[in-house]
Amino acid sequence: AEAADRIRRLRAEDEVPLRSGSAAGSGAPFDPTWTAGHGLLDEMSLQEARERLAATQAAEAEAEERRRQDIIVARRNRQAELERKMETIRSVRSSAAAVSQHARERRAASAAEAAAAADRARADAAVALEARLRAKRAARDAESRALAETAARSAKQQAFLGAAKAASDERRHHQLRINREAAA
């Protein structure tokens, strides 16, 4: 209430015509369009000063609104640019992820293929080793049989030769006895 009262008093004082003593001369009411008349270059009346002030304030308000609009447009442009960059980054990441996934799958397939090839090579080597071992076993068995046959033949021959030698020794001893007896 006090502030409203004060505002009302100020407006009333502004509207009351002022009496100027020496400038207006006759005590005429104050004219806001009157200039002092000193002949200065920028001399202006109160009304002109108020109009210029209003025009300046309007121009400043307009400039401020333009700056605000420019700031809004700049923010929108920055936001749009950031969104474009983010979309580009998403696209690059997505394609990089796809490439990486494809490379992982290729490596996994290659590793599986290499493991299968290694398994096949091991199986082939095992088959070849088993064939070599069978061949060696067969050769060893054949050699054992041949040695056994040779030993059996040799034993028979020695038995036969031993019997023949024993018989021949017996005959010789017998012959020697006969010869000793005859000589005696």
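Which helix holds both Glu-81 and Arg-84, and how many residues apart are they? Both residues lie in helix 2, 3 residues apart, or about one turn of the helix. Please keep in mind as you read that this is a predicted model.

## The pair Glu-81 and Arg-84

These two residues are joined by a salt bridge, and their closest N and O atoms are 2.5 Å apart. Glu-81 counts as partly exposed, at 32% relative accessibility. Arg-84 is also partly exposed, with a relative accessible area of 48%.

Salt bridges that share partners link Asp-5, Arg-8 and Arg-9 into one network. Within it, Arg-8 forms a salt bridge with Asp-5, and the closest N and O atoms are 2.6 Å apart. What separates Arg-8 and Asp-5 along helix 1? They are 3 residues apart in this helix, which covers residues 2–15, so about one helical turn lies between them.

How exposed are the two partners? Arg-8 has a relative accessible area of 55%, and because the cut-off for exposed is over 50%, Arg-8 counts as exposed. Asp-5 is partly exposed, at 30% relative accessibility.

## Another pair in helix 2

Let's return to helix 2, which runs over residues 46–183. Here the side chains of Arg-66 and Glu-62 meet in a salt bridge, with 3.0 Å from N to O. Arg-66 and Glu-62 are 4 residues apart in helix 2, so they are separated by about one helical turn.

How many salt bridges does the structure hold? There are 10, including the one between Glu-81 and Arg-84, the one between Arg-8 and Asp-5 and the one between Arg-66 and Glu-62. As a general point, side chains of opposite charge can pair when their charged atoms come close.

## A positive patch on the surface

Which residues gather in a patch of positive charge on the surface? They are Arg-132, Lys-136, Arg-137 and Arg-140.

Terms used: Residues are numbered from 1 along each chain as its sequence is written. This is a predicted model: local features need pLDDT of at least 70, side-chain atom pairs count only at pLDDT 80 or more; totals for chains, interfaces and linings use all residues. Side-chain values use heavy atoms; hydrogens and water are left out. Patches are made of residues with over 30% relative accessible area and no salt bridge: like charges are joined within 9 Å, nonpolar side chains (Val, Leu, Ile, Met, Phe, Trp, Tyr) within 5 Å. Accessible areas come from the Shrake-Rupley method with a 1.4 Å probe; for residues, only the protein chains shown count as cover. A salt bridge is a side-chain nitrogen of Lys or Arg within 4 Å of a carboxyl oxygen of Asp or Glu. Lys and Arg count as positive and Asp and Glu as negative; His and the chain ends are not counted. The place of a charge is taken as NZ of Lys, CZ of Arg, CG of Asp or CD of Glu. Helices (H or I, at least four residues) and strands (E, at least two) are DSSP runs, numbered from the N terminus. Buried means under 20% relative accessible area, exposed over 50%, partly exposed in between (1.4 Å probe, protein chains only).
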